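Please look over the sequence and the 3D structure below.

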Amino acid sequence: MQGNQKIKCTVGTCKYNNAEQNMCNLEGIEVKPTNNCNTKKADESMCASYDYGKE
């Protein structure tokens, strides 16, 4: 499946976000666990590739 995946993203403060298409401009992202979080829901992980600011 490599090369066919798309990364959807609506985090407008990230410099890799393409707001017009709600897509991440990176070819891949790193997902890390959220510290001290055991909710068994999506908030247990975060995008570690996030970088604040649009230039």
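The notes below go through these topics in turn.

This is a predicted model, in which local features need pLDDT of at least 70, side-chain atom pairs count only at pLDDT 80 or more, and totals for chains, interfaces and linings use all residues. Residues are numbered from 1 along each chain as its sequence is written, and side-chain values use heavy atoms, with hydrogens and water left out.

**Cysteines**

- A disulfide is a covalent bond between the sulfur atoms of two cysteines.
- The search of the whole structure finds 0 disulfides, the cut-off being a pair of cysteine sulfur atoms within 2.5 Å.
- For C9, the closest cysteine sulfur is that of C24, and at 5.9 Å it is too far for a bond.
- For C14, the closest cysteine sulfur belongs to C9, also at 5.9 Å, which is too far for a bond.
- C9 is buried, at 18% relative accessible area; buried means under 20%, exposed over 50%, and partly exposed in between, with a 1.4 Å probe and protein chains only.
- C14 is buried too, at 6% relative accessibility.
- C14 sits in the segment before strand 1 (17–18); strands are DSSP runs of E, at least two residues, numbered from the N terminus.
- C14 and N25 are 11 residues apart in sequence, and their C-alpha atoms are 10 Å apart in space.

**Asparagine 17**

- N17 is part of strand 1.
- N17 is buried, with a relative accessible area of 3%.
- A polar atom of the N17 side chain lies 2.9 Å from the backbone oxygen of C9.
- A polar atom of the N17 side chain also lies 3.1 Å from the backbone nitrogen of A19.
- Both are polar contacts: N or O atoms within 3.5 Å, where within protein one must be able to donate a hydrogen and the other to accept it, and residues adjacent in sequence count only if both atoms are side-chain atoms.

**Salt bridges**

- The count is 2 salt bridges, each a side-chain nitrogen of Lys or Arg within 4 Å of a carboxyl oxygen of Asp or Glu.
- One joins D51 to K15, with the closest N and O atoms 3.3 Å apart.
- D51 lies in the segment after strand 4 (45–47) and K15 in the segment before strand 1, so this pair ties together parts that are 36 residues apart in sequence.
- D51 is partly exposed at 30% relative accessibility, and K15 is partly exposed at 32%.
- E30 pairs with K32, with the closest N and O atoms 4.0 Å apart.
- E30 is partly exposed at 43%, and K32 is partly exposed at 38%.

Notes:
Helices (H or I, at least four residues) and strands (E, at least two) are DSSP runs, numbered from the N terminus.
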